[in-house]
Amino acid sequence: MEPLYVSLSFYVSVFILAEITRRVIETLTGPGTLSRRFAYELIATAQMCTCVYENALIIKYYGLIGFFTVVVVLLIVGSYVNRGAFVSPLASIEAVYFGRISIRDFVALFLAELAGGYMAFRWARLIWSAGVSHDHTAFYDNFYCKLGYKVPYVQAAVFEVVGCFLIRYIIGAAPLATKRFVAAITAAGFLTFALRFIGVPGLNPIVASSRMQGCEGLSIDWFLFTYWICPIIGSLAAAIYQSRGQAPAVKKTPAAVKKSAAAVKKTN
C-alpha cells in the first residue's frame, strides 16, 4: 500500500475513534459540565498527540512540504471537531492566569491533557498492531527515539521561548474569522522551520512529552526545562504583552445606558 494511503488511514482512524468516543461521552454527561469538558480535553489531546507519531512517515516519504501540509490540515480539522479543547497547557495556563477559568477547571483540564498525552502512544500502538505497512510493523516491534539538534542546545532552548512567543502573538493578532487558519499555518510553519534548522521542535509541552519524553539525548530535568518551562515563558509573555495593548472594556451603568439611548433618539 502507498505510504500516503497508509498515513491517511491512520489519521482517519484516529479522528473517527475520537469522534465516536466524544458522541458516547455526550450521552453520558450534561452540556457545559466539568466532566464533559474533561472528557473533551482528554480525547482531543489523545487524538492530536497520536497523529504526531504518524508524521514521521510523512517526513520520510514526502519531506518537509508534506509534513507542513499534513499538520495544517490536521490542525484545521481538529479545530472544527475538538469541541473547544485547548490541547495544550499553554492555553490553559494563560486562561487561568487571566481568570478566564477557575483553578479547579485548570487542574481538571491539565490532568486531562496529561492523560491524553499518555494515552497517545498506546493508541498509536493499537493501530500499528494491524500491520498495514512495513513501517507500522517496525514501529510496533521496536520504537526507538533520540533527541538530536542541528544547533547548540542553548539555541534550541531559546527557539522554544521565541517560537512560542511569536506563535501566540501572531495568533492573538489574527482576525477572529481567520484565526483557526492562521493558527494552523503558523504552528505548522514554525514546526517545519524547526525540523529543518533546529532539530527537534516542541512548541507544545504535552505533544513534546507524549512523543519525546524518555527519548535519549536529554535528562528529565533538561527535558522539562526545554519543552515545558521555555514554551510557557514564551507563550505567556506574548499573552501578557498583547493584553497590555488592548483597551479594557468599560462597563456602562444603567443610567449611562439610558442616557446614551436618549441621545440616539434625540439625534434621530
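In which helix does T192 lie?

Guide: T192 lies in helix α7, which covers residues 179–197. The model is a predicted one, in which local features need pLDDT of at least 70 and side-chain atom pairs count only at pLDDT 80 or more, while totals for chains, interfaces and linings use all residues. Residues are numbered from 1 along each chain as its sequence is written, and side-chain values use heavy atoms, with hydrogens and water left out.

T192 has a relative accessible area of 14% and is therefore buried (under 20%; exposed is over 50% and partly exposed in between, with a 1.4 Å probe and protein chains only). When residues up to four places away in sequence are not counted, T192 touches L64, F67 and F68, contact being heavy atoms within 4.5 Å.

Beyond the end of α7, L203 is found in the loop between α7 and α8 (205–212). L203 has a phi near 65°, a positive value in a residue other than glycine, and its relative accessibility of 10% makes it buried. A second case is V87, in the loop between α2 and α3 (89–97). V87 is not a glycine, yet has a positive phi of about 55°; with a relative accessible area of 10%, V87 is buried.

Helix α2 spans residues 34–81 and contains T50. This threonine is buried, with a relative accessible area of 0%. Apart from its neighbours within four places in sequence, T50 is in contact with F10, V14, A120, W123 and A124. The C-alpha atoms of T50 and A115 are 12 Å apart, although 65 residues separate them along the chain.

Helix α5 (residues 134–141) has D135, H136 and F139 among its residues, and these three are buried. They lie on the same side of α5, because they cover an arc of only 100° around the axis, taken from the directions between the helix axis and the C-beta atoms. H134 and D141, on the other side of α5, are exposed. The cover over the buried residues of α5 includes α1 (3–28), α2 and α4 (103–128).

The chain as a whole has 10 helices and zero strands; these are DSSP runs numbered from the N terminus, helices being H or I of at least four residues and strands E of at least two. Of the 268 residues in the chain, 43% are buried. Among contacts between residues at least 6 apart in sequence, 76% join residues at least 24 apart. The C-alpha trace spans about 75 × 50 × 35 Å along its principal axes.

An unreviewed UniProt entry lists residues 61–81, 102–121, 153–171, 183–202 and 222–241 as "transmembrane region"; its positions follow the numbering used here, feature names are shortened, and annotations may be inferred rather than shown by experiment. Residues 102–121 are 95% helix and 0% strand, with end C-alpha atoms 30 Å apart. For residues 222–241, the corresponding values are 100% helix, 0% strand and 27 Å.
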